[in-house]
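Subject: The structure I promised you

Hi,

Here is the structure I said I would pass on.

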Amino acid sequence: VTGFPIEVYPMPTATGTTSTSPHWIRQADIFADMPLDTIDTDLATVERTEGDLIHIHVRPGAKLTVDGFAKVLKARKTLARDTPAGVIAIVPDDIDFELAIMNVDHYAGGNASAFTKVFAIVTCTNFHKQLCALYTAFFKTPFPLRVFDDEAAARAWVLEHLAPGGSQCGL
């Protein structure tokens with residue numbers, strides 16, 4: 001079909017003929033250039049919710065693995081769109097983890113500060129808080145990271161860091 005600035009596909013009409021009207025554009029073509037705001041992985045749903053803020057919602061009962069973490073990291077990088085973003089990870093009480101996750105520097109060589117400005121982890125379990133503290137004692141992140149037990153406090157801290165002239169310290 002020619003004459004249209006977009007590709008159209010012949011579709012059957014009620015009279016049995018076909019139409020090449022632009023009303024029959026495939027939905028995938030309409031949304032092809034729109035920015036992606038949500039990426040689902042086996043471990044979590046990662047979404048850019050507003051401005052430079054990315055939320056990670058870890059699935060209840062999920063098992064944190066090196067591969068799962070890498071997929072979430074890739075999703076964060078994609079959603080950040082080459083802009084350092086504030087990240088809030090919501091970790092449910094019942095997640096499990098493979099021990100190998102604690103032996104890998106997940107940010108080594110990946111220039112994480114290019115897509116992460118600040119990172120808050122929200123968890124209510126002391127065990128998960130202790131794991132985060134242990135991990136960050138061995139593997140320093142190139143951005144401020146803090147663990148919270150309250151999502152509102154985590155959000156306020158992240159937004160403070162994202163504000164023009166916002167805090168550059170990790171606390």
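This is a predicted model: local features need pLDDT of at least 70, side-chain atom pairs count only at pLDDT 80 or more; totals for chains, interfaces and linings use all residues.

Residues are numbered from 1 along each chain as its sequence is written, and side-chain values use heavy atoms, with hydrogens and water left out.

**Confidence**

pLDDT is the predictor's confidence in each residue, from 0 to 100. Its mean over the protein chain is 81, and 75% of the residues reach 70 or more.

**Helix H2**

A note on names: helices (H or I, at least four residues) and strands (E, at least two) are DSSP runs, numbered from the N terminus. H2 covers residues 66-80, 15 residues in all, and reaches 21 Å from its first C-alpha to its last. That is close to the 21 Å expected at 1.5 Å a residue (the expected span is 1.5 Å times one less than the number of residues).

Which residues of H2 are buried? They are Gly68, Val72, Leu73, Ala75, Arg76, Leu79 and Ala80. Here buried means under 20% relative accessible area, exposed means over 50%, and partly exposed is in between (1.4 Å probe, protein chains only). Seen down the axis of H2, the buried residues fall within an arc of 160°, so they line one face of the helix (the arc is that of the directions from the helix axis to the C-beta atoms). These residues pack against strands E3, E4, E5, E7 and E9.

**Strand E7**

One of those strands, E7 (85-90), has six of its six residues buried. In a regular strand the side chains alternate between the two faces of the sheet. In E7 both faces are covered, with Ala85, Val87 and Ala89 buried on one side and Gly86, Ile88 and Ile90 on the other.

Two strands pair if DSSP finds at least two bridges between them. E5 and E7 run parallel and are joined by five bridges; Val87 in E7 is the bridge partner of Ile54. E7 and E9 also run parallel, with six bridges between them, and Ile90 has Val122 in E9 as its bridge partner.

**Aromatic pairs**

How many aromatic pairs does the structure hold? There are six. Rings of Phe, Tyr and Trp (its six-membered ring) pair if their centres lie within 6.5 Å; planes under 30 degrees apart count as stacked, over 60 as edge-to-face and the rest as tilted.

Phe97 and Phe127 make a tilted pair, 6.0 Å centre to centre with 40° between the planes. They sit 30 residues apart, Phe97 in strand E8 and Phe127 in helix H3. Phe127 is partly exposed, at 46% relative accessibility.

Phe119 and Phe143 are stacked instead: 6.3 Å centre to centre, 20° between the planes. Phe119 is in E9, while Phe143 is in the loop between H3 and strand E10, 24 residues apart. Both are buried, Phe119 at 6% and Phe143 at 5%. Together with Phe69 and Tyr107, they form one aromatic cluster.

**Leu131**

Finally, look at Leu131 in helix H3, which is buried at 16% relative accessibility. Leaving out residues up to four places away in sequence, Leu131 touches Phe97 and Met102. The C-alpha atoms of Leu131 and Met102 are separated by 8.2 Å.

Cheers

Definitions and conventions
Contact means heavy atoms within 4.5 Å.
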